[in-house]
Amino acid sequence: MPEPANHPTSALLKWPATALLAWYDAHARDLPWRILPAAAKAGTKPDPYRIWLSEIMLQQTNVTTVRPYYEKFLTLFPNVQALAAAPDAQVMAAWAGLGYYSRARNLVKCARTLVADYHGEFPNTEAALLSLPGIGPYTAAAIAAIAFNQPAAPVDGNIERVLSRLYKLQTPMPALKAEVKQANAKLVPKDRPGDFAQAMMDLGATLCTPKRPNCLICPWREPCLARQAGIEETLPIRAPKKPKPERQGTVFWLENAKGHVLMARRPDKGLLGGMLVFPSKGWDAPNESQLPERLPGAMQNQWTPLKGEVVHVFTHFKLTLSIQAQTAPKGFRAPKGFQWVAPQDFAEEALPSVMTKIWKTVLLK
DNA sequence: CAGTCGTGGGC
DNA sequence: TGCCCAAGACT
């Protein structure tokens with residue numbers, strides 16, 4: 001890889017790490033999964049299970065969103081063995097609302113692999129961690145550094161932003177990541193790799209933010225090349241965004257005499273994989289829940305449109321759903337692949353958010 | 001490499 | 001309001 005035009009000088013390589021760690025010692029965020037520097041100094045060791053769980057939950061997700069889910073998971077599944085032994089449906093229900101549901105499926109898969117092949121212990125090398133389900137380059141390096149104090153150099157969105165500014169790296173994302181990885185590997189202090197990674201993430205989350213960074217009190221205020229050039233807010237350079245297509249579909253609300261509602265479990269792969277949803281059609285062709293066509297002929301034209309649409313924005317498309325309802329006739333059984341669910345069960349935050357919007361529209365409006 | 005995969009908060 | 005963004009992994 002060619003050296004960047006503003007390749008850091010050797011002087012710049014050394015002392016930024018020291019300055020950042022000093023800042024971290026004084027300002028580290030107190031997070032439920034974190035061992036603060038003072039406690040670490042006193043001999044407290046991180047629990048790899050908790051570090052792993054937090055890292056998976058934090059993928060593309062804010063700390064404030066993760067916190068309650070993390071606490072819930074720790075209560076329900078205090079260790080790898082408990083998680084590995086849990087039924088899939090219980091884990092998916094506990095994850096409901098957090099998004100990116102493949103993370104939850106891989107979480108269970110990983111826990112079961114650890115119990116089956118690793119005596120229930122996490123491997124302590126980056127390479128071995130990388131081989132586990134749901135653990136990619138970032139998470140493998142993060143766990144190695146934070147949980148095992150190995151000289152690994154994770155690069156997440158925060159670190160990419162922070163270092164692109166420190167070294168004024170103007171290569172657009174995603175190619176930028178390779179340059180940041182090189183620079184980062186040279187910076188990592190061998191004695192505190194975990195704290196160094198966490199320090200950069202704290203810096204990115206609290207001071208070196210995407211918009212209006214607070215350079216005034218930043219420990220890297222002086223060496224930061226982007227700030228020197230006055231272009232800190234323009235970095236990192238992102239690829240132009242693509243237009244978000246719109247889809248629309250219909251949700252079918254079928255209620256039986258007990259007041260239970262018909263639902264289906266989505267296939268493991270793809271959108272909302274493994275989650276409980278209301279039957280619908282028209283918007284996700286490969287995974288259509290073929291409900292109406294599988295109903296007795298007498299029911300097929302008994303749908304009544306309900307007032308109100310549900311709009312939900314996914315990562316790569318915007319979805320608008322209308323709702324059709326009817327009450328199932330006596331003796332009607334749930335078709336294969338479908339199940340009746342009592343409203344109190346899906347009200348316990350056990351559904352993906354888009355489906356929570358549906359039942360709230362039906363029952364509360 | 002580029003597309004897929006959720007959601008909620010901030011502005 | 002609509003857009004941007006967040007401790008990425010997988011295909």
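Which residue forms a salt bridge with Asp-47? Select Arg-50: its closest N and O atoms with Asp-47 are 3.5 Å apart. Keep in mind that this is a predicted model.

Now colour this pair by accessibility. Arg-50 is partly exposed, with a relative accessible area of 34%. Asp-47 is also partly exposed, at 32%.

Next, select Asp-25, Arg-192 and Asp-195. Salt bridges with shared partners join these three residues into one network.

Move on to Asp-202. Is Asp-202 buried or exposed? Its relative accessible area is 0%, so Asp-202 counts as buried, the cut-off being under 20%.

The side chains of Asp-202 and Arg-29 meet in a salt bridge, 2.8 Å from N to O. This pair links distant parts of the chain, 173 residues apart. Asp-202 sits in helix H12 (residues 193-206). Arg-29 is in the loop between helix H1 (10-27) and helix H2 (37-41). Arg-29 is partly exposed, at 23% relative accessibility.

Arg-34 lies in the loop between H1 and H2 and Asp-202 in helix H12, so the pair ties together parts that are 168 residues apart in sequence. Arg-34 has 9% relative accessibility and counts as buried.

How values were computed: Residues are numbered from 1 along each chain as its sequence is written. Chains are lettered from A and ligands numbered from 1 in the order in which they are written. This is a predicted model: local features need pLDDT of at least 70, side-chain atom pairs count only at pLDDT 80 or more; totals for chains, interfaces and linings use all residues. Side-chain values use heavy atoms; hydrogens and water are left out. A salt bridge is a side-chain nitrogen of Lys or Arg within 4 Å of a carboxyl oxygen of Asp or Glu. Helices (H or I, at least four residues) and strands (E, at least two) are DSSP runs, numbered from the N terminus. Buried means under 20% relative accessible area, exposed over 50%, partly exposed in between (1.4 Å probe, protein chains only).
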